[in-house]
Amino acid sequence: MGDTLTCPECGAEIESMDDLETGHEVAEVEPQDDGSFNLFENKDLFLCKGCKRPLGVKKLQ
Ligand SMILES: [Zn+2]
């Protein structure tokens, strides 16, 4: 299959959804200087199971 991902935080290899947690309510909104912000809230997040680092936002349906 396809892509494997390595967590930059703890080095865990992410090979499948089994290696991830998903979060729906993680408030990771970081205001930027220009007034915009990274929209992590209200989306399905991929979180590293090891360290809970957000690795991305789910786009596949
Ligand atoms: Zn990790």
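## Model and confidence

In this predicted model, local features need pLDDT of at least 70 and side-chain atom pairs count only at pLDDT 80 or more, while totals for chains, interfaces and linings use all residues. Residues are numbered from 1 along each chain as its sequence is written, and side-chain values use heavy atoms, with hydrogens and water left out.

The protein chain has a mean pLDDT of 73, with 57% of its residues reaching 70 or more. Confidence is highest in β2, at 87, and lowest in strand β5 (residues 54–57), at a mean of 77. Strands here are DSSP runs of E with at least two residues, numbered from the N terminus.

## The zinc site

Four cysteines hold the zinc ion through their SG atoms: Cys7, Cys10, Cys48 and Cys51, at 2.3 to 2.4 Å. Donors are N, O and S atoms within 2.8 Å of the metal (3.2 Å for Na, K and Ca); water is not among the atoms, so sites may look incomplete. The angles among the four donor atoms run from 102 to 115°, and the site is tetrahedral; for four donors, that label asks that all angles lie between 85 and 135 degrees.

Along the chain, the donors follow the spacing C-x2-C-x37-C-x2-C. Cys7 sits in the loop between β1 (5–6) and β2 (13–14) and Cys48 in strand β4 (residues 45–48), so this pair ties together parts that are 41 residues apart in sequence. Cys7 is buried, at 2% relative accessibility, and Cys48 is buried as well, at 0%. Buried means under 20% relative accessible area, exposed over 50%, and partly exposed in between (1.4 Å probe, protein chains only).

## Two salt bridges

Side chains of opposite charge can pair when their charged atoms come close. Counting a side-chain nitrogen of Lys or Arg within 4 Å of a carboxyl oxygen of Asp or Glu as a salt bridge, the model has two of them.

In one, the side chains of Glu9 and Arg53 meet at 3.4 Å, N to O. Glu9 belongs to the loop between β1 and β2 and Arg53 to the loop between β4 and β5, so the pair links parts that are 44 residues apart in sequence. Glu9 is exposed, at 54% relative accessibility, whereas Arg53 is partly exposed, at 32%.

In the other, Glu21 pairs with Lys52, their closest N and O atoms being 3.6 Å apart. Here Glu21 is in strand β3 (residues 20–23) and Lys52 in the loop between β4 and β5, so the bridge ties together parts that are 31 residues apart in sequence. Both partners are partly exposed, Glu21 at 27% and Lys52 at 43%. Lys52 also has a backbone feature to look at: its phi is near 70°, a positive value in a residue other than glycine.

## Ile14 and its neighbours

Now for a residue of strand β2, Ile14. Ile14 is buried, with a relative accessible area of 6%. Leaving aside residues up to four places away in sequence, Ile14 touches Asp3, Thr4, Leu5, Cys7, Asp19, Leu20 and Leu55, where contact means heavy atoms within 4.5 Å. One of these neighbours, Cys7, is also a zinc donor.

Terms used
Tetrahedral: all angles 85-135°; square planar, octahedral: opposite > 155°, others 65-115°. Helix = DSSP H or I, 4+ residues; strand = E, 2+ residues; numbered from the N terminus. pLDDT = per-residue confidence, 0-100.
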